[in-house]
Amino acid sequence: MGHPRPQMTQMTPIDRNELVSAILSFLPSQGLLALNDIRSVLDSEIDRAGSDALMALRTRLTADSGWDYYEPDPLARRIHRVLANRFLAPGSEPRNAHHLEAIAGMPVVIIANHLSYADANAIEVLLHSGGGAEVANRLTAGAGPKVYSDRQRRFSSLCFGTIKVPQSAEVSSEEAVMSPRDVARAARRAIEVAHERLDAGDALLIFGEGTRSRTGALQPMLAGVARYLERPDTWVLPVGLAGTEALFPVDEATLHPARVTLTLGPPIRANALNAESRGDRRLLMDAVGLAIAELLPESYRGVYQPARPNDASAILRRARQPI
């Protein structure tokens, strides 16, 4: 299947001053000295990158290739990493980073709980700064249509690769203007692109709930996410996020300093999960949900309680056995 020809979205081109102003508007109200300090940092990063880098960023901000892959932008990535130091409070860290050793250079699907629009950015920054640069540098995240129509979210998404995916009808009405057939076609294309990126060596990041939790507690994993795990020799890396709901609160449009932790679980072979679930995607994803819940404080576990034995916990236990 050929790739759609890139087109331009409704977002207009952006220049240097507009970019800096847009980033500053995304930050909480601060004193004039603090804002001037951040503006100086942003100007320095743009100067260091040069005009060609700014032009490339502008092109990526407005590109629209449909349900496809969008590459990261080096300048956007550097800016986010610089700003992260100001908004990730002391104690923000990845935990159990040694689990990344087993998946170095391997096709891996990272599945995390979803607390805020800043989750993927927090994961990328914490991996990069905490011993997981190998994975951070090949990160590609599934992103819903809103990311590509909103400039702030689009800029935030450019510090890693993204795949434009339609949201499940179970959690969103955004695709109401699309027919069920069109949504299904877009979903198939997104899965196809995801498998291509795994073959290319990317680390695929998926939020298994399909939407942010408004309470912080885990919601049921979407059964359809299991389709991302069908590629041979793929690993699943469960991760638990805590604190991003304070970094970027629901119903707010700015960042706030917060302590964020990213806890990594032992990688699991997707082949083993598929074999043990015998084609039952609901059970497979519930097993992944339990693996994530084990990494979270109790108040975040929601519908997944690791202490309760059930079919999903049995699948998880058997899938973790050495092959």
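**The largest nonpolar core**

Select Ile 110, Ile 111, Leu 205, Tyr 228, Leu 229, Leu 273 and Met 285: of the 75 residues in the largest nonpolar core, these touch the most other members. A nonpolar core here is a set of buried Ala, Val, Leu, Ile, Met, Phe, Trp, Tyr and Cys residues joined through side-chain atoms within 4.5 Å. Buried means under 20% relative accessible area, exposed means over 50%, and partly exposed lies in between (1.4 Å probe, protein chains only). In soluble globular proteins, nonpolar side chains tend to be buried together.

Before you click on, note that this is a predicted model, where local features need pLDDT of at least 70 and side-chain atom pairs count only at pLDDT 80 or more, while totals for chains, interfaces and linings use all residues. Residues are numbered from 1 along each chain as its sequence is written, and side-chain values use heavy atoms, with hydrogens and water left out.

Now colour helix α12 (residues 281-293), which gives this core its largest share, eight residues. Helices (H or I, at least four residues) and strands (E, at least two) are DSSP runs, numbered from the N terminus.

**Helix α11, at Ser 277**

Go to helix α11 (residues 270-277) and select Ser 277. Ser 277 is buried, with a relative accessible area of 5%. Skip its neighbours within four places in sequence, and Ser 277 is in contact with Leu 284 and Ile 315.

**Strand β6 and its partners**

Next, show strand β6 (residues 139-143), where four of the five residues are buried. Two strands pair if DSSP finds at least two bridges between them. β6 pairs in the parallel sense with strand β8 (residues 203-207) over three bridges, and also in the parallel sense with strand β7 (residues 161-164) over four.

Draw a distance from its side chain to that of Asp 202 and you get a polar contact of 2.8 Å. A polar contact is a pair of N or O atoms within 3.5 Å; within protein, one must be able to donate a hydrogen and the other to accept it, and residues adjacent in sequence count only if both atoms are side-chain atoms. Beyond four places in sequence, the contacts of Thr 140 include Tyr 69, Gly 161, Thr 162 and Ile 163.

**Strand β10, covered on both faces**

Finish at strand β10 (residues 261-264). In a regular strand the side chains alternate between the two faces of the sheet. Thr 261 and Thr 263 are on one side, Leu 262 and Leu 264 on the other, and all are buried. Strand β4 (residues 93-95) pairs with β10 in the parallel sense over three bridges, while strand β9 (residues 235-242) pairs with β10 in the antiparallel sense over four. Click on Leu 262: it is the bridge partner of Pro 94 and of Leu 241.

Conventions: Contact = heavy atoms within 4.5 Å.
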